[in-house]
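Here is a model whose ligand surroundings deserve a careful reading. The questions below ask what stands behind each description.

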Amino acid sequence: MQFWKMNGAGNDFIILNNLEERLPPSAFPLLARTLCTPHRSLGADGLMVVEQAQEGADFKMLFFNSDGSLGEMCGNGARCICRYGYETGLSGPTQTVETTAGLVTGTRIDRRQYRVQLNSPTVIRLHEAPVVEGKAWPCAYVELGSPGLPHAVVPYPGLADADPQALFQLGKAMRSHPAFPKGANVNFYEPTGPDQVLEKTFERGVEDFTLACGTGTGSVVAVLTLLGQVSGQGVQVSMAGGVLTIDVARTGDRITGLWLTGPTNLVAKGEVFDEELPPSFSPCG
Ligand SMILES: N[C@H](CCC[C@H](N)C(=O)O)C(=O)O
């Protein structure tokens with residue numbers, strides 16, 4: 001089984017081309033859980049599987065979190081898979097990728113920089129206030145695409161110096177809060193200057209903070225644009241793994257376009273031999 005290991009601003013992924021591997025879809029959750037485990041395997045935040053597109057796109061991307069759950073989309077993953085598509089000849093310098101949440105288009109800016117147009121918000125609720133341990137946390141709720149990828153957008157003054165343990169507990173509680181029936185990726189943010197935002201995201205399906213979250217930054221900037229707190233053009237979002245840039249198109253109260261730009265890193269191309277996988281996965285099985 002051939003793989004690529006890539007990351008976008010430290011949000012890391014294993015990519016398998018199922019046009020070649022021809023694994024049954026039922027294999028992917030276990031494969032994701034196994035291969036994404038750090039120390040014992042390759043380790044990653046998610047597994048992306050390249051499949052045949054149904055809708056005239058260049059290819060289809062299936063995204064599995066490290067716990068094996070299916071994610072509707074992944075912004076950093078989409079940027080990486082667009083580079084994969086370009087470098088393997090599945091697509092040209094612009095890419096059309098079918099995802100569970102809908103079509104995503106990509107553009108190669110240079111060897112390492114890729115921009116994707118994220119799925120536009122299908123739900124934006126600006127005034128949520130889930131209660132965690134007796135305290136209400138004013139926030140917004142966003143879904144990108146359909147079926148939508150869920151994001152909570154939570155202002156957190158003092159985020160840069162937040163106590164990691166307290167933030168982890170709050171992220172974990174909000175991620176599964178009954179206010180968010182699909183669960184949610186929980187994006188804590190703090191504006192740091194004009195069109196500059198600091199963000200830390202607790203991810204559903206990883207159940208921890210990741211180094212960056214592309215759809216999370218898009219959701220934060222969509223909300224801040226509607227609230228008039230950023231311009232929506234070239235908004236720089238700093239995460240632990242790097243800086244991502246978001247551009248927004250808006251018509252009145254509606255966000256009609258969201259673009260995510262940032263770096264990709266190709267770490268390795270190789271062959272999977274993980275001997276903890278069931279024999280059916282092994283070349284000698
Ligand atoms: N890190 C990803 C989002 C993964 C979504 C996943 N955690 C889920 O909720 O299924 C991104 O760059 O957009």
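Q: Why is the ligand said to lie between domain 1 and domain 2?
A: Domain 1 (2-117 + 266-281) and domain 2 (121-262) both give residues to the shell around the ligand, so the ligand lies between them; the domain bounds come from an automatic or database domain assignment. This is a predicted model, in which local features need pLDDT of at least 70 and side-chain atom pairs count only at pLDDT 80 or more, while totals for chains, interfaces and linings use all residues. Residues are numbered from 1 along each chain as its sequence is written.

Q: Which residues surrounding the ligand are the closest?
A: The ligand is surrounded by 17 residues, of which G71, G75, N76, G214 and T215 are the closest; a residue is near a molecule if its C-beta atom, placed from the backbone, lies within 6 Å of it.

Q: Why is N185 called buried?
A: N185 has 26 other C-beta atoms within 10 Å, and a residue is buried if 20 or more lie within that distance of its own C-beta atom, exposed if 12 or fewer, and partly exposed in between, with C-beta atoms placed from the backbone; N185 is therefore buried.

Q: What makes E203 buried or exposed?
A: E203 also has 26 other C-beta atoms within 10 Å, and is therefore buried.

Q: How do you know which residues E203 is in contact with?
A: Contact requires C-beta atoms, placed from the backbone, within 7 Å; leaving aside neighbours within four places in sequence, E203 is in contact with N185, D208, T210 and C213. The UniProt annotation "binding site", from an unreviewed entry, covers both N185 and E203, among others, though such annotations may be inferred rather than shown by experiment.

Conventions: Contact = placed C-beta atoms within 7 Å.
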